[in-house]
Amino acid sequence: MGKVIAVANQKGGVGKSTTVVNLAAYLGSRDKKVLCIDIDAQGNTTTGFGIKKRSVGISAYDILIGKAKIDDAIIETEFKNVSIVPATADLAGAEVELIQMEHRFQRLKMQILTCKDAYDYILIDCPPALGLLTLNGLTACDEILVPMLAEYFALEGLTQLVQTIRLVRTNYNPTIAICGILFTMYDGRLNVSEQVVDEVKKYFPGKVFETKIPRNVRLSEAPSYGKPVMYYDKNSKGATSYEMLGREILGEPLEEPKKHRIFFGRSKK
């Protein structure tokens with residue numbers, strides 16, 4: 001069975017979609033079958049893979065409210081081994097509709113169970129809020145990857161997310177765990193950055209990724225071309241940092257030289 005990882009943080013602008021797109025692309029390049037599920041109405045993961053939302057027929061909205069099965073919503077991207085359940089603006093109204101439905105917290109989980117065996121990794125891009133959509137993501141996942149900024153205000157948001165995880169563990173998903181906390185848009189020249197990292201490591205020992213994603217122009221540019229950064233500029237710091245994150249996810253020592261040839265071209269349909 002594939003591992004289901006929800007990428008979640010109720011704060012916006014911390015790099016959730018960027019992480020889903022680029023981690024998925026790297027894992028796919030390593031011959032892992034990856035499914036991304038975009039449950040954020042902004043649809044940044046969807047556009048990050050070059051998919052135009054107005055051309056989407058069946059979306060995450062349809063599978064959440066029961067209009068379609070997840071297999072009908074899956075689209076193969078142009079990038080090796082990566083597929084996606086796309087998001088559309090309809091998701092903005094899904095919260096209200098879900099309130100009236102049975103099993104409103106488990107609807108995504110029930111859909112994922114029908115296709116979990118077909119993938120090595122399923123990555124869920126959760127919206128920047130702790131509403132019903134995010135709770136569906138947390139209920140459906142095995143682990144949570146938390147992107148966050150190395151800023152003091154981010155610590156408050158992390159505390160709130162941890163409280164939500166405890167609630168989900170108690171009521172809906174007893175095996176949920178934190179996969180890791182990922183610092184994004186990181187600037188090691190700032191004293192506050194190191195202070196925040198040290199504080200998080202103190203409260204979450206062994207749960208902070210060694211990899212830190214720097215601010216990088218190429219990483220910011222890649223979504224406008226509808227490409228993960230490794231397909232846009234494989235030599236950029238952004239591409240290298242997400243490769244390192246992928247190696248951590250795969251359990252590979254970071255200090256060892258690469259033993260695998262990375263595929264950077266587009267997959268054949």
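Close-up 1. Cys36 has a relative accessibility of 0%, so it counts as buried (under 20% relative accessible area; exposed is over 50%, partly exposed in between, with a 1.4 Å probe and protein chains only). The closest cysteine sulfur to that of Cys36 belongs to Cys115 and is 12 Å away, too far for a bond. Cys126 is in no disulfide either, with the nearest cysteine sulfur, in Cys141, 7.4 Å away. Cys126 is also buried, at 0% relative accessibility. Overall, the structure holds 0 disulfides (a disulfide is a pair of cysteine sulfur atoms within 2.5 Å). Bear in mind that this is a predicted model: local features need pLDDT of at least 70, side-chain atom pairs count only at pLDDT 80 or more, and totals for chains, interfaces and linings use all residues. Residues are numbered from 1 along each chain as its sequence is written, and side-chain values use heavy atoms, with hydrogens and water left out.

**Close-up 2. Thr134 in helix α7.** Thr134 sits in α7, residues 132-140 (helices are DSSP runs of H or I, at least four residues, and strands are runs of E, at least two, numbered from the N terminus). With 2% relative accessibility, Thr134 is buried. Its side chain reaches the backbone oxygen of Ala129 at 2.5 Å. Beyond its neighbours within four places in sequence, Thr134 is in contact with Cys126, Pro127 and Ala129 (contact means heavy atoms within 4.5 Å). Val7 is 127 residues from Thr134 in sequence, yet their C-alpha atoms are 9.5 Å apart.

Close-up 3. Ser236 lies in the loop between α11 (229-232) and α12 (237-249). At 5% relative accessibility, Ser236 is buried. A polar atom of the Ser236 side chain lies 2.9 Å from the backbone oxygen of Asp233. Not counting residues up to four places away in sequence, Ser236 touches Asn216, Arg218 and Val229.

**Close-up 4. The largest pocket.** The largest pocket has a volume of about 480 Å³ (the space filled by probe spheres set on the grid points, which are joined across faces, edges and corners). Of the 30 residues that line this pocket, Val14, Gly15, Lys16, Thr18 and Met185 are the closest to its centre. On a 1 Å grid over the protein atoms alone, a pocket is an open set of points where a 1.4 Å probe fits, with protein on both sides within 12 Å along at least five of seven lines; lining residues have an atom within 4 Å of a point. Helix α1 gives the most to the lining, with 5 residues.

Terms used: A polar contact is a pair of N or O atoms within 3.5 Å; within protein, one must be able to donate a hydrogen and the other to accept it, and residues adjacent in sequence count only if both atoms are side-chain atoms.
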